[in-house]
Amino acid sequence: MDGTRGAGVDRIARPPLVCFSHLRWNSVFQRPQQLLSRFALEREVLVFEEPIRSDEDRLRMETCPATGVRVLTPLLRDPADTEALRGMVDQLMARLGTASAWYYTPLARAFSDHVAWRAVAYDCMDELAAFRFAATDMKAREQRLLADADVVFTGGLSLYEARRDRHANIHCFPSGVDLDHFAAARQRPPEPDDQRHLPRPLLGYFGVIDERLDMRLLARMAELRPGWHFAMLGPIAKLAPEELPQAPNIHWLGAKPYAELPRYLAHWDAALMPFALNDATRFISPTKAPEYLAGGCRVISTPVSDVLRRFGGIEAVAIAEDAEGFVAAAELAMARADSSDFVAADTLLAASSWDVIAARMASLLEAEEKRRVLPLPALQARPARIADHLVVGAGFAGAVMAERLASSGARVLVVDKRPHIAGNAYDEHDAAGLLIHRYGPHIFHTNSDEVLAYLSRFTAWRPYEHRVLAQVEAGLVPMPVNRTTLNRVFGTALRTEEAARGFLAQLARPSADIRSARDFVVSSVGPILYEMFFHGYTLKQWGVDPSELDRSVTARVPTRTSDDDRYFQDRHQCMPLRGYTRMFENMLDHENITVMTGTSYRDVPKGRFGHMVFTGPVDEYFGQRFGALPYRSLRFEHETLPLEFAQPVATINFPGLDTPYTRCTEFKHLTGQSHRHTSICRETSSAEGEPYYPVPNPANQALFKRYEAAADAEEGVTFLGRLGTYRYLNMDQVVGQALATARRLLERPMAVAAD
């Protein structure tokens with residue numbers, strides 16, 4: 001397969017991003033700078049700083065030469081002049097046209113909440129209300145920002161736990177590390193002149209120097225060890241000169257360029273995080289710990305909650321509560337020279353790079369930018385028809401239909417009750433930066449050149465052939481059953497396909513009356529293999545005995561006489577190179593398509609669209625008037641493991657009834673991602689929960705026929721997909737069904753809506 005097919009389709013125009021920050025861009029290079037400089041590689045990024053008092057009112061604009069970020073600084077006679085700030089924002093938006101907003105300070109909403117932002121993100125990196133000189137109404141303003149934001153991020157677990165019940169789309173992203181930058185310290189670069197003359201041992205700190213540092217602790221350490229020296233690097237904020245302890249062995253070296261920090265760090269004997277334990281530090285998740293560790297420097301910290309939870313137990317990190325404890329920990333740290341102490345730290349840091357974090361946060365922001373081009377009330381307020389077609393569901397069936405209809409010139413509104421597109425194929429990066437399938441593994445395979453060619457317009461492909469092993473008494477054996485499976489299970493030495501066919505014929509119990517899933521397997525391969533591979537697995541997956549299921553359930557899994565251990569034998573087997581979600585984003589990125597996630601189709605008034613494509617459960621559409629159609633649901637248990645790989649193949653089946661889940665999948669096999677960690681997903685079938693696939697048996701089919709008749713008689717609605725047509729369909733079959741349905745629909749004359 002051509003691995004470059006579809007190359008270039010991922011380049012989607014992204015709106016500018018305006019960040020409102022309480023931190024100066026040219027101060028300490030920390031979380032905002034790390035993230036925004038990476039965002040600037042993909043879109044225009046502008047940082048709107050807090051105002052500075054000046055003798056004239058104007059908006060100063062400078063471009064950061066290292067990152068390309070535009071830094072906007074309001075110069076005002078009265079820095080509290082909200083109307084002047086609002087006018088400057090309007091001036092900016094007149095140039096940009098449209099943009100998304102990214103907030104670090106809730107105070108900025110006072111002069112920017114009138115803008116119709118494409119999306120609003122709030123990256124909560126500190127408990128600002130607890131800071132010295134904080135606005136008295138900071139908490140109330142933050143609550144309003146939480147109500148307005150489309151997506152919320154937090155810089156640490158404590159901040160997340162304090163806010164997770166206050167927003168439906170909130171994500172925890174602890175601060176990361178620029179690994180290559182700080183790892184340079186391990187190569188012992190030349191020491192800067194202003195530190196080279198300091199006596200040793202030398203303990204250091206870099207970062208903002210403010211009320212969050214315990215100055216009494218620092219002073220006491222200097223007193224306890226007058227022969228030790230302490231290098232304090234960073235800008236001083238909100239502190240009076242007399243609040244800084246003065247001693248011959250404490251050296252206030254001032255702010256340093258970010259590029260120079262590894263040169264200082266490389267020559268410290270230990271790194272300090274002497275944070276005070278107060279309201280200002282209760283929620284902090286310091287960026288310094290991963291930076292110190294990346295540089296190969298041992299860390300001593302006070303017991304700040306997020307430091308304990310994230311780095312507790314790592315040999316290279318010591319926790320102490322007072323100066324005496326810091327001194328004791330420093331003596332131990334300086335006495336150790338075992339590099340193995342950094343193995344656990346390096347493993348943790350590998351999953352904490354700013355590149356991975358920025359990519360995941362950008363993806364979540366982009367999802368919101370695509371989610372609601374126009375808010376629902378604005379659409380409802382329009383006096384005329386808002387779309388020619390309403391497509392319900394943004395999975396394969398809905399997305400393909402939307403793209404085909406939009407490409408013909410029709411206006412399409414896509415709604416999905418989930419907070420994302422891509423349906424069950426949705427993939428995302430987990431907390432470790434691993435690409436996972438939230439709703440279980442989705443492996444693309446097809447014999448249809450048409451389906452592959454169509455999807456190749458929206459993604460490049462990674463060749464991939466899926467393999468499955470089953471855990472049975474004989475160990476892990478290939479599934480579907482093949483000649484290797486037979487030899488391992490029965491201890492035989494079958495060398496040819498003819499020999500395998502003969503052996504299977506001896507096991508089989510042929511029957512002329514094959515009605516159920518059990519009948520099909522026993523007739524083909526006999527009761528021994530049926531009990532070993534099919535009975536328990538099918539019972540767990542479907543919740544009923546295989547004798548009560550249609551034969552099509554087990555007919556989907558063949559038995560082979562060769563050594564071919566591929567799960568599928570289709571001509572085309574591959575995975576979207578950048579993942580399914582990116583493919584769906586490209587598919588729906590059309591000027592005639594409006595996507596609204598987190599939205600029920602019932603919220604769109606009838607008469608405001610011309611035709612509906614419904615891909616949800618058909619019985620739900622009709623209010624279950626004939627009774628509920630049975631569906632199976634699934635529960636997914638995701639787990640990240642500190643291993644490169646946990647399984648020899650992507651999926652292991654567990655057919656035995658002694659294991660509650662049916663299978664376990666390791667996603668790195670599917671995605672080809674390189675990562676020190678791995679992520680697995682255990683899958684358990686259930687009768688309760690979201691519907692995933694229909695239960696095929698005669699009684700259910702008879703019930704569906706009543707809904708099918710109602711669907712055929714329903715004017716202006718097309719039912720589609722696995723749930724809409726109550727059929728167990730593979731992804732390529734859904735795509736093919738949607739393409740064929742779109743062709744038929746476009747052949748019909750359609751009344752043109754009057755605006």
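Cys-664 is buried, at a relative accessible area of 5%; buried means under 20% relative accessible area, exposed over 50% and partly exposed in between (1.4 Å probe, protein chains only). The model is predicted: local features need pLDDT of at least 70, side-chain atom pairs count only at pLDDT 80 or more, and totals for chains, interfaces and linings use all residues. Residues are numbered from 1 along each chain as its sequence is written, and side-chain values use heavy atoms, with hydrogens and water left out.

The whole structure holds zero disulfides, a disulfide being a pair of cysteine sulfur atoms within 2.5 Å. Two cysteines are listed here.

| Cysteine | Nearest cysteine sulfur | Distance |
|---|---|---|
| Cys-19 | Cys-64 | 13 Å |
| Cys-664 | Cys-681 | 7.4 Å |

Cys-19 is also buried, at 0% relative accessibility.

The largest nonpolar core has 88 residues, and Leu-390 and Phe-396 are among those that touch the most other members. Such a core is a set of buried Ala, Val, Leu, Ile, Met, Phe, Trp, Tyr and Cys residues joined through side-chain atoms within 4.5 Å. Helix 15 (residues 396-407) gives this core its largest share, eight residues. Helices (H or I, at least four residues) and strands (E, at least two) are DSSP runs, numbered from the N terminus. A second, separate core of 58 residues includes Trp-228.

An open sheet of seven strands runs in the order 23-22-28-29-30-27-31, with mixed pairing; two strands pair if DSSP finds at least two bridges between them. Strand 23 (475-479) and strand 31 (693-694) are at the edges with a single partner strand each, so one side of each lacks a neighbour in the sheet.
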